[in-house]
Amino acid sequence: MNQLIVYVEGESDKLALTTLLKPLVDKKNSEGIAIEFASVGQSGNMSNNKRALLVKYPKKAYWILKNNRESAVVLLPDLYPYNVGVPHANYSQLRGSVLNSFGSLLSVHEEDFKSRFEVFCFKHDLEVLLLAAFEQLQEHLGISIHKTWKRQVEEQDDNNPPKKIIQSLFRRAKKRYGVTTAAEILRNASLESIRSKCPQSFAPFVEYIEKLKP
């Protein structure tokens with residue numbers, strides 16, 4: 001293994017992960033594994049980006065894995081909104097649908113590709129990481145905020161997902177929530193702290209990277 005490419009929906013996701021995971025990425029790079037985050041970024045409509053990621057990128061992953069036998073590919077979409085791209089109302093269904101799509105591309109001699117392709121997700125979206133980085137979020141906003149969301153941030157359901165909460169807080173603070181904002185907030189956050197507060201979906205993704213071997 002010498003390369004991992006992680007595809008996400010948008011540029012904000014890419015910048016946030018590049019920033020938060022930098023110490024781990026640097027460690028893996030020193031071990032001989034290059035890690036790259038790349039976004040679909042086709043439009044400002046994130047549902048379109050999610051659809052493209054889940055529908056078109058299994059085939060893109062196939063060609064990457066075919067051309068480099070030492071590579072791996074991860075797709076990392078938002079779980080919300082449901083039933084975009086493939087039928088799903090939870091992570092298990094999303095992962096299963098995408099893995100089946102990928103598997104249908106393989107010949108009998110390419111079954112080993114399955115071990116180098118994986119699907120994770122943000123539950124329910126990237127902004128769950130910002131809810132987990134409460135102190136950094138509050139400092140960035142410059143206002144006193146009270147936690148109106150669930151203590152287990154990944155349980156903040158789709159009726160009011162993390163992104164809607166974050167957008168509401170930024171409106172209250174009269175600040176702009178732009179493409180680089182999540183990365184700016186996470187720059188001073190502890191990866192271990194975020195990971196411990198997001199054990200269902202984000203922590204397994206981090207663990208996957210940690211276990212990669214050259």
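Mentor: Contact means heavy atoms within 4.5 Å. Keep that in mind for this predicted model.

Trainee: What share of the contacts between residues at least 6 apart in sequence joins residues at least 24 apart?

Mentor: In the protein chain, that share is 76%.

Trainee: What makes the radius of gyration agree with a compact globule?

Mentor: Set the value against the rule. For 214 residues, a compact globule would have a radius of gyration near 17 Å. The protein chain has 17 Å, so the two agree. The C-alpha atoms fill a box of roughly 60 × 40 × 30 Å along the principal axes.

Trainee: Which elements does the chain have, and how many?

Mentor: The protein chain has 11 helices and four strands. Buried residues make up 50% of its 214 residues.

Trainee: Why is Ser201 called buried?

Mentor: Buried means under 20% relative accessible area. Ser201 has 8%, so Ser201 is buried. Its place is in the loop between α10 (191–197) and α11 (202–210).

Trainee: What does Ser201 touch, leaving out residues up to four places away in sequence?

Mentor: Ser201 touches Cys121, Lys123 and Glu154.

Trainee: Why is Ala52 called buried?

Mentor: Its relative accessible area is 5%, and the cut-off is under 20%, so Ala52 is buried. Ala52 sits in helix α3 (residues 46–55).

Trainee: Why is Trp63 called partly exposed?

Mentor: Trp63 has 42% relative accessibility, so Trp63 counts as partly exposed. Trp63 is in helix α4 (residues 57–67). From Trp63 to Leu105 is 10.0 Å, C-alpha to C-alpha, and 42 residues in sequence.

Trainee: Why is Asn83 called exposed?

Mentor: Exposed means over 50%. Asn83 has a relative accessible area of 51%, so Asn83 is exposed. Asn83 is found in the loop between β3 and α5. Asn83 also has a positive phi of about 55 degrees, although it is not a glycine.

Trainee: What makes Lys174 count as exposed?

Mentor: Lys174 has 77% relative accessibility, and the cut-off is over 50%, so Lys174 counts as exposed. Phi of Lys174 is near 60 degrees, a positive value in a residue other than glycine. Lys174 lies in the loop between α8 and α9 (181–186).

Trainee: How many aromatic pairs does a search of the whole structure find?

Mentor: The search finds nine. Phe134 and Trp149 form an aromatic pair.

Trainee: Why is the pair of Phe134 and Trp149 called tilted?

Mentor: Ring centres must lie within 6.5 Å to pair. Those of Phe134 and Trp149 are 6.1 Å apart, so the rings pair. Planes under 30 degrees apart count as stacked, and over 60 as edge-to-face. Here the angle is 55 degrees, so the pair is tilted. Phe134 is in helix α7 (residues 134–141), and Trp149 is in the loop between α7 and α8 (162–172). Both Phe134 and Trp149 are buried.

Trainee: Which residues form one aromatic cluster?

Mentor: Phe120, Phe202, Phe205 and Tyr208 do.

Trainee: Where are the cis peptide bonds that join Tyr80 to Pro81 and Lys123 to His124?

Mentor: Pro81 is in the loop between β3 (71–76) and α5 (91–103). Omega of the Tyr80 and Pro81 bond is about 0 degrees. His124 lies in the loop between β4 (117–119) and α6 (128–132). Omega of the Lys123 and His124 bond is about 5 degrees.

Note on methods:
Residues are numbered from 1 along each chain as its sequence is written. This is a predicted model: local features need pLDDT of at least 70, side-chain atom pairs count only at pLDDT 80 or more; totals for chains, interfaces and linings use all residues. Side-chain values use heavy atoms; hydrogens and water are left out. Helices (H or I, at least four residues) and strands (E, at least two) are DSSP runs, numbered from the N terminus. The radius of gyration is taken over C-alpha atoms; the globule rule is 2.2 Å times the number of residues to the power 0.38. Buried means under 20% relative accessible area, exposed over 50%, partly exposed in between (1.4 Å probe, protein chains only). Rings of Phe, Tyr and Trp (its six-membered ring) pair if their centres lie within 6.5 Å; planes under 30 degrees apart count as stacked, over 60 as edge-to-face and the rest as tilted.
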